[in-house]
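Hi,

Here is the structure I promised to pass on to you. Have a look at it first, and my notes on what turned up follow just below.

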Amino acid sequence: MEKIALIGSGLVGQAWAIVFARAGHEVALYDASPMTLEQAEVTIASRLNDLTRFKLIDDPDSVLGRISYAIKTSDAVAGARYIQESVPERLEVKREVYKDLDRVVGDDTIIGSSTSGIPASAFTESLACRARCLVAHPINPPSVTPLVELCPAPWTDATAMDYVFELMTRVGQSPIRLKKETPGFVANRLQGALLSMALRLVEDGVCTAEEVDIAIRDGIGRRWSFIGPFETIDLNAPGGIADYIDRYGPLYEEIERSTIAPLDWSPALARRLEAERRERLPADRLSERSEWRDRRLMALAGHNRAADEKIGK
Ligand SMILES: NC(=O)c1ccc[n+]([C@@H]2O[C@H](COP(=O)([O-])OP(=O)(O)OC[C@H]3O[C@@H](n4cnc5c(N)ncnc54)[C@H](O)[C@@H]3O)[C@@H](O)[C@H]2O)c1
C-alpha cells in the first residue's frame, strides 16, 4: 500500500492520520511546530482508544505502529504517493508550503489540500506539479465524518482526481467530485445557506439561537445523517419530488422573496450570539464539549454502520 504524507498536523491532520493508517497505509506526519507534533502523538493515541471503545477499529496498536513523525518536510514526503496538506487556512501560508513541496515531491506524487474555502487555483498556479494538485476538503474530524469534497483547479489533471477519488473510497471515506471551483465548495455553501437563515431568524426576533439548534437537532437534522435534502422531499409527498414542489414550491418561493437582501455578518450579531451561547456553554468548556461531540459522532457512525447492515442503505 502506498505511503501517505501529511503536512500540517493540527486538528485535521491528526484525524487524517487515523483515516489512512487504519486502512493499512504507512503515514508520515510533519508539522512546522515540533510541540504540535509531540502533542499529535498523544491525541492520536487517545482518539484511537475512543474509536476502539465504539468498536470502529479493533487493533489500535497496529494503527499507531503505521504512523511516524518527521522533522523535515522532505523526510515526510520521501516515497509518498499522496500528500494531504492541512496547514492553516491562510493563503500566504498555503503558497509557501506548496512552493516548498514543489521542490521535493516525486514525479507522480499527488497533493490534496484540506482547505475549507481557498480554491487550489489560488496557490498552485505557478507550480511545476500543479496538474497533480487539487482540493480534498474533509468535514472535521474526517476519522468519523466520511465526506471529502474533491475540487480541481482549472489545470488539475483528471487522472489526479480519479486517483484521489479511488484512494478516498478505498480508505472508507465518501468522496464527491466537483466539476469546477466555487467559494465554499458544496458542503460549506449548504451550511452557509442554513446559517444565514438561522441568523435571520434570531435577528428578526422570531426565536432564540437555542431554538434554532433544537429545530435542527430534534427536527430536520435527524434524517440528514442518512438521507439528503433531495431524498427527504422525494419521500415527503405521496407522488415524490415533483409532487412536493407542486405542493410546497409557493411557500419556499415566498421565503426566498422575503430574504433577498444579503445578510450582514456583523460584529454586533456575533456579540449577541456569543452572549447566548456562552450562557449555555462557558468558553472554558468548549474543548470538553468538542470531545463529547466527537464521541457522539463515533456512536452515530457505529449506529449508522449497524443500521446499514440490518435495515439496508
Ligand atoms: N478545523 C476544521 O473544522 C476544518 C475542517 C475542514 C477543513 N479544515 C482545513 O484544514 C486545514 C487545517 O486546519 P486545522 O483546523 O487542522 O488547523 P490547525 O491550526 O489545528 O492546524 C494547522 C497546523 O499547521 C501547522 N503549520 C503551520 N505552518 C506550517 C508549515 N509551513 N508547514 C507545516 N505545518 C505548518 C501548524 O503548526 C498547525 O499545527 C485548514 O486549511 C482548514 O481550513 C479545517
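**Around the ligand**

Helix α5 makes the biggest contribution to the shell around the ligand, giving three residues. Please keep in mind that this is a predicted model. Along with α5 (91-104), both α1 (11-22) and β6 (133-138) supply at least two residues each to that shell.

The ligand has 22 residues around it, and those that come nearest are Val12, Asp31, Glu89, Lys94 and Ser116. Sorted by class, the shell holds 10 polar, nine nonpolar and three charged residues.

- Glu89: an N or O atom of its side chain is 2.6 Å from an oxygen atom of the ligand.
- Ser116: here too a side-chain N or O atom is involved, 2.7 Å from a ligand oxygen.
- Val12: a polar backbone atom lies 2.9 Å from an oxygen atom of the ligand.

On its own, the ligand has 830 Å² of accessible area, and the protein covers 73% of this.

**A patch on the surface**

There is also a nonpolar patch on the surface, formed by Tyr248, Leu251, Tyr252 and Ile255, whose accessible area together is about 360 Å². Tyr248 belongs to helix α11, which spans residues 241-257.

Best wishes

Definitions and conventions
Residues numbered from 1 in each chain as written. Predicted model: local features only at pLDDT ≥ 70, side-chain atom pairs only at ≥ 80, totals over all residues. Heavy atoms only, no water. Patch = residues over 30% accessible without salt bridge, like charges linked within 9 Å, V, L, I, M, F, W, Y side chains within 5 Å. Areas by Shrake-Rupley, 256 points an atom, 1.4 Å probe, with all protein chains shown as cover. Salt bridge = Lys/Arg side-chain N within 4 Å of Asp/Glu carboxyl O. Helix = DSSP H or I, 4+ residues; strand = E, 2+ residues; numbered from the N terminus. Near = heavy atom within 4 Å. Polar contact = N/O pair within 3.5 Å; in protein donor to acceptor, adjacent residues only side chain to side chain. Nonpolar A, V, L, I, M, F, W, Y, C, P; charged D, E, K, R; others polar.
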